[in-house]
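Subject: Structure for you to look at

Hello,

Here is the structure I said I would pass on. Please open it beside this email; my notes follow below.

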Amino acid sequence: ADHFSGGCRPCAYTSMAMGCSAGVHCRFCHLEHPKQRRVRVRHCKGKRDRYRKLVSKLATQLSEDPAAFDPDDERLPPSIKFDPHMKAK
């Protein structure tokens, strides 16, 4: 990789706990980069489906009776309740 001239692409797996499984055979740079973005973790399909179902249910409740809808009153699953990013959605 051409790290010092700025022509390299950082490996997304070096910042993870397990590291890069390709090791020295990896096509990407394993040196530290100043503006290396963190890899976004994608939730499992089941969790994404449950979230979609919950959003659909809440949207239905909101459209049926907007005056009685209170988003803070809803019982949210812990995976959403304690994650500020998910709760803000």
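D49 and R52 are both part of helix 1, 3 residues apart, which is about one turn of the helix. This is a predicted model. D49 and R52 form a salt bridge, and their closest N and O atoms are 2.8 Å apart. Salt bridges with shared partners join K45, D49 and R52 into one network.

K45 is exposed, with a relative accessible area of 53%. D49 is partly exposed, at 33%. The structure holds 2 salt bridges. As background, side chains of opposite charge can pair when their charged atoms come close.

Now the cysteines. How many disulfides are there? The count is 0. C20 is in no disulfide, because the nearest cysteine sulfur, that of C26, is 3.7 Å away, and a disulfide needs the two sulfur atoms within 2.5 Å. C29 is in no disulfide either: its nearest cysteine sulfur belongs to C8 and is 3.8 Å away. For reference, a disulfide is a covalent bond between the sulfur atoms of two cysteines.

Are C20 and C29 buried or exposed? C20 counts as buried, at 19% relative accessibility; the cut-off for buried is under 20%. C29 is buried as well, with a relative accessible area of 3%.

Regards

Notes:
Residues are numbered from 1 along each chain as its sequence is written. This is a predicted model: local features need pLDDT of at least 70, side-chain atom pairs count only at pLDDT 80 or more; totals for chains, interfaces and linings use all residues. Side-chain values use heavy atoms; hydrogens and water are left out. Buried means under 20% relative accessible area, exposed over 50%, partly exposed in between (1.4 Å probe, protein chains only). A salt bridge is a side-chain nitrogen of Lys or Arg within 4 Å of a carboxyl oxygen of Asp or Glu. Helices (H or I, at least four residues) and strands (E, at least two) are DSSP runs, numbered from the N terminus.
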